[in-house]
2 protein chains.
Amino acid sequence: MARHKVVIVGGGFGGLSAAQALGGADVEVTLIDRRNHHLFQPLLYQVATASLSTSEIAWPIRHILRKRHDVTTLLARVTGVDVAGKTVLIADGAPVPYDSLIIATGARHAYFGHDDWEQFAPGLKTLEDATTIRRKLLLAFEAAEREPDPEQRGALLTFVIIGAGPTGVELAGAIVELARETLKGEFRCADPSSARVVLIEAANKVLGNFRPELSEYSLQALRDLGVEVILGEPVEAIDADGLVYGGKRLDAECIIWAAGVQASPAAKWLDVEPDKAGRVKVAPDLSVPAHPEIFVVGDTATIAKADGKPVPGVGDAAKQGGKHAAQVIRARLRGDTTPLPFRYKHAGDLATIGKRAAVIDFGWIRLKGWLAWWVWGIAHIYFLIDTKNRLAVALSWLWIYLSGQRSARLITQGDAETRPPINDVTES
Amino acid sequence: MARHKVVIVGGGFGGLSAAQALGGADVEVTLIDRRNHHLFQPLLYQVATASLSTSEIAWPIRHILRKRHDVTTLLARVTGVDVAGKTVLIADGAPVPYDSLIIATGARHAYFGHDDWEQFAPGLKTLEDATTIRRKLLLAFEAAEREPDPEQRGALLTFVIIGAGPTGVELAGAIVELARETLKGEFRCADPSSARVVLIEAANKVLGNFRPELSEYSLQALRDLGVEVILGEPVEAIDADGLVYGGKRLDAECIIWAAGVQASPAAKWLDVEPDKAGRVKVAPDLSVPAHPEIFVVGDTATIAKADGKPVPGVGDAAKQGGKHAAQVIRARLRGDTTPLPFRYKHAGDLATIGKRAAVIDFGWIRLKGWLAWWVWGIAHIYFLIDTKNRLAVALSWLWIYLSGQRSARLITQGDAETRPPINDVTES
């Protein structure tokens with residue numbers, strides 16, 4: 001008898017954890033991703049701010065799963081799902097048949113109906129996003145060095161982050177330190193330490209999902225660091241030269257979007273009605289009501305918790321979801337049809353503000369300040385995939401900590417001949 | 001009195017060494033480069049073959065020169081030189097005036113009049129070139145995993161390097177090890193160890209500039225490693241599916257060009273007649289005959305040695321040239337007009353063949369085999385710019401040496417939405 005075929009779409013936290021949780025089961029797994037790498041997204045902001053290199057936080061998916069001979073990894077772009085024929089459709093290849101399907105394709109940033117803002121305010125979800133933001137940040141300082149007009153130079157050295165969730169807060173802190181410490185003394189006309197870093201949030205507090213006391217501490221820590229935090233002001237317009245919030249105009253060269261996400265198009269593939277954020281509504285066991293053999297996990301799915309609060313869009317929720325889908329499949333294969341509802345366990349909240357402060361809330365313990373920063377660092381190194389990367393990241397962080405020097409200050413991307421990096425200064 | 005203004009165009013080995021050799025002189029230096037980073041080109045092939053990450057071999061130029069308060073670093077694209085007005089013209093900025101000008105803009109790969117070959121056989125000169133080749137290499141294995149037809153799969157797993165100078169030889173060795181060691185056991189359909197690596201050279205030997213015995217040893221070491229070396233066969237045609245040499249057709253997915261270079265357009269800027277390779281013909285002191293205040297060094301210049309042999313296009317020659325131009329400027333400022341002809345001192349030749357063999361020829365000592373490999377590695381770590389990178393590269397190499405695992409196996413570049421990486425498999 002042919003073995004039960006499980007197809008997993010997406011090699012992020014959800015998909016990878018599903019594949020791992022299927023280890024030893026009598027199934028044949030195919031993991032499909034359009035990228036060859038699994039990405040440790042919590043540290044992506046450190047690539048965007050030149051602290052870590054791309055390869056320090058990404059690993060080839062097939063390498064992670066190399067010892068699992070029951071798993072085939074495919075680099076392919078999924079174009080749809082044939083739910084009747086039970087196959088996943090991919091670009092330029094034969095459909096991949098499944099008995100059970102796990103969709104874990106995550107989310108992209110979303111602009112609340114203002115898609116034209118993306119060109120001016122890129123978001124941070126992929127390695128390419130990170131190197132794009134890194135380029136934009138570093139080019140702003142370079143352009144300021146060449147700018148004779150002081151007012152124009154001020155706009156070039158104004159950095160705006162929209163959205164004060166963990167990504168926005170961590171980006172703001174890192175950009176301040178990039179300007180004040182890393183770039184200190186390297187420019188002759190522009191003064192990097194005069195850079196303004198502005199964090200704009202529509203809600204009335206930063207880190208809105210955290211406990212109020214940690215949220216307040218973070219706000220103070222950001223202000224102490226020199227970040228201008230603007231709360232309760234939704235952004236109304238963004239263009240090439242700046243943005244408008246609360247009727248006020250702010251001229252800025254470099255704007256980063258950290259405010260909202262939209263789920264991947266899984267609902268369209270499955271022809272089901274998504275929620276407002278594009279997510280597939282799933283049953284308590286994470287399966288799709290009309291198709292119990294299909295599971296959707298992580299940022300692509302929406303499920304109500306027992307207390308009615310939504311499961312947060314964090315990596316750990318995706319991990320737990322992937323593992324849960326695998327467990328439901330294993331139970332079914334054993335003939336066990338007891339309903340197995342997903343129970344999200346919130347492990348904790350962490351965020352850093354620059355390189356000397358952080359907030360941590362594990363429920364049973366809450367920390368803030370420098371001790372939290374060290375716990376944050378050690379926890380993140382622990383969660384990296386392999387020993388080589390743990391050593392490399394530890395070395396990079398130690399270096400930044402001791403010398404202030406970030407080692408990945410590269411302006412790259414774009415073909416050298418047709419699109420020299422400098423052109424973008426004038427285009428944008 | 002205004003200080004003497006030296007403008008240096010290019011922050012490679014030549015330009016950087018000129019800037020360094022002007023330290024302490026009573027001059028004002030402006031270094032202009034279209035890239036923000038100095039690149040350690042001898043290790044670029046290791047980025048292309050996923051051994052090192054981009055930031056391990058590149059440093060921001062302004063960071064290297066941060067303590068030199070007499071140096072201003074400008075990120076700008078030079079568009080020409082106004083030799084009468086003594087200014088360097090840049091895109092989107094005011095012309096930069098000079099009293100002395102040093103041009104050190106290097107070379108790009110050249111296709112001997114077949115520019116259409118570039119799209120099928122990229123060359124290796126910049127970080128973007130390296131990540132493009134890395135992507136092409138890694139995508140070939142991914143496409144092979146999805147290819148049901150064995151013949152087609154064979155073409156996908158055929159890697160051709162054109163040109164057997166140090167870059168070609170080092171690429172060939174690294175690709176064999178990538179296929180045999182790093183990717184071993186990670187694919188379910190394709191067998192990476194069945195990959196063919198073919199090195200084609202128009203001349204009758206590999207490493208043509210090395211002593212015959214080292215050249216012969218390298219040929220044997222390449223063949224022992226499993227590289228198919230084809231000598232005395234110029235390539236006649238290249239297209240999307242393969243190439244033709246000596247009337248024979250070879251189907252190959254991934255072709256890399258390591259055969260020829262063309263100087264940057266400095267001759268056009270200066271309106272002087274270049275040699276066949278586009279290089280500016282310079283006087284014995286490296287100045288341009290019609291403009292003694294302009295110097296051209298490195299791969300952009302051609303100068304005859306005393307014995308009539310050309311100075312080789314290697315990093316060390318550019319370094320010596322940059323230093324020499326600086327010395328001539330310093331002598332002139334002292335009022336010393338004694339002719340100061342450039343004398344190139346050949347320090348030696350080095351090349352590695354895979355991770356266990358190398359050839360080294362310092363004149364007074366010649367080494368081959370594993371000892372040469374260790375000397376090669378230590379020499380290269382020594383030549384890196386800063387301590388952090390020395391540690392990082394040493395860690396990466398140690399890891400590859402012990403585990404065979406390369407840590408920069410990322411397929412990146414291109415915008416995720418509009419140009420997913422997988423598309424290139426089918427396009428090329």
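Predicted model: local features only at pLDDT ≥ 70, side-chain atom pairs only at ≥ 80, totals over all residues.
Select chain A and chain B together. Rotating chain B by 180°, with 0.0 Å of shift along the axis, superposes it on chain A at an RMSD of 0.0 Å. This is the relation of a two-fold axis.

**The interface**

Next, select the residues of each chain that touch the other: 60 residues of chain B are in contact with 60 residues of chain A. Of the interface residues of chain B, 100% are also interface residues in chain A, so the copies meet through the same surface.

The size of an interface is often given as the accessible area lost when the parts come together. Here chain B and chain A bury about 5,500 Å² between them, and 55% of that area is on carbon and sulfur atoms. To see where the most area is lost on the chain B side, pick Arg62(B), Arg188(B) and Lys388(B), which together account for 14% of what that side buries.

**Polar links across the interface**

Between chain B and chain A the count is two salt bridges, and 24 residue pairs are in polar contact, both residues being at pLDDT 80 or more.

Now colour the elements of chain B that each supply at least two residues to the side touching chain A:

- strands S4 (58-60) and S5 (71-75)
- helices H3 (61-64) and H4 (127-146)
- helices H11 (387-403) and H12 (423-427)

Colouring that side of chain B by residue class gives 24 nonpolar, 19 polar and 17 charged residues.

**Ser51(B)**

Move to the loop between helix H2 (44-48) and S4 of chain B, where Ser51(B) is found. Is Ser51(B) buried or exposed? Its relative accessibility is 4%, so Ser51(B) counts as buried. Show the side chain of Arg406(B) as well: the side chain of Ser51(B) makes a polar contact with it at 2.7 Å. Leaving aside neighbours within four places in sequence, Ser51(B) is in contact with Gln46(B), Ser396(B), Ile400(B), Arg406(B) and Ser407(B).

**Ala25(B)**

For the last stop, select Ala25(B), in the loop between helix H1 (13-21) and strand S2 (27-33) of chain B. Ala25(B) has a relative accessible area of 13% and is therefore buried.

Conventions: Residues numbered from 1 in each chain as written. Chains lettered and ligands numbered in written order. Heavy atoms only, no water. Least-squares fit on C-alpha atoms with pLDDT ≥ 70 in both. Contact = heavy atoms within 4.5 Å. Buried area = accessible area lost by both parts, 1.4 Å probe. Salt bridge = Lys/Arg side-chain N within 4 Å of Asp/Glu carboxyl O. Polar contact = N/O pair within 3.5 Å; in protein donor to acceptor, adjacent residues only side chain to side chain. Helix = DSSP H or I, 4+ residues; strand = E, 2+ residues; numbered from the N terminus. Nonpolar A, V, L, I, M, F, W, Y, C, P; charged D, E, K, R; others polar. Buried < 20%, exposed > 50% of the residue type's maximum accessible area, 1.4 Å probe, protein only.
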